[in-house]
Amino acid sequence: MKTTEWQYLRRTEFASLAEQAAVTVIPVGSIEQHGEHLPINTDASNCHSIATRAAESIDSFPVLVLPVVWPGYSPHHMVHPGTITLSFDTFVRVLTEVAVCVHAHGFRKILFLNGHGGNSAIISAMRPKLSAEHRIAVVAYTYWDLPGVAVAWRSICETDRGFVGHAAEIETSLQLYLQPGRVVMRDARWVPGVYGDPTLATREKGERLFDAAVTGLIRLLRDYHSGALEKSLEWTREVPTD
Ligand SMILES: [Zn+2]
């Protein structure tokens, strides 16, 4: 079985993967409250699972998924127990230094895949920061912004349409599919820190939402590997990619 997770490789395996222009995915999550019914690793679990499933599904070129960056930027959740947040500057430095290390080992296709709304603006800003300050080209997406996902999800969800409510229909459905033993549906209800209606979540919806996100990521990874993605982005004319 092919290895798609960075953490399970041996040091002798990296050079040839870099030569094959492997796309590397850095999943970025959070450890924060998700109501009274979901585990605090919900965001990390969702984005890491989408990344690994997509990587396993692609045979025409290698895709490597790094261990999830599990603390995100979640100061707004600190009023609830269990939340672990980095400060803004630390979070930016962690993301920067992980990308710099991946680049140092010869990888030139680096994708941040984010799973937490509070990280979105910071993740997006990593592209100009890394290009200007480190001459490293990356792309950054939050999983619900992947190609085709919003349209696909609209036909699946009853309430979370065009907006991913915190610990609501989408995140709860995904977790019912990915970590069913860690979801307590009898505690699923609106409480402070929940935005939306988690009672509408089902495992079946979760599987369909997950499959649509994986499909979107596969599409993005193929375009990234072929060069089509960079061609569609203006910054390739400004940023060296070597
Ligand atoms: Zn979340």
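Student: How many nonpolar, polar and charged residues make up the lining of the largest pocket?

Tutor: The lining of the largest pocket comprises four nonpolar, eight polar and three charged residues. Gly is placed with the polar residues here, and the charged class is Asp, Glu, Lys and Arg. This is a predicted model, in which local features need pLDDT of at least 70 and side-chain atom pairs pLDDT 80 or more, while totals for chains, interfaces and linings use all residues. Residues are numbered from 1 along each chain, and side-chain values use heavy atoms, without hydrogens or water.

The pocket has a volume of about 200 Å³, the space filled by probe spheres set on its grid points. A pocket is an open set of points on a 1 Å grid where a 1.4 Å probe fits, with protein on both sides within 12 Å along at least five of seven lines; lining residues have an atom within 4 Å of a point. Of the 15 lining residues, those nearest the centre are G117, G118, V164, G165 and H166.

Elsewhere, four strands (DSSP E runs of at least two residues) form an open, parallel sheet in the order β2-β1-β3-β4; pairing requires at least two bridges.
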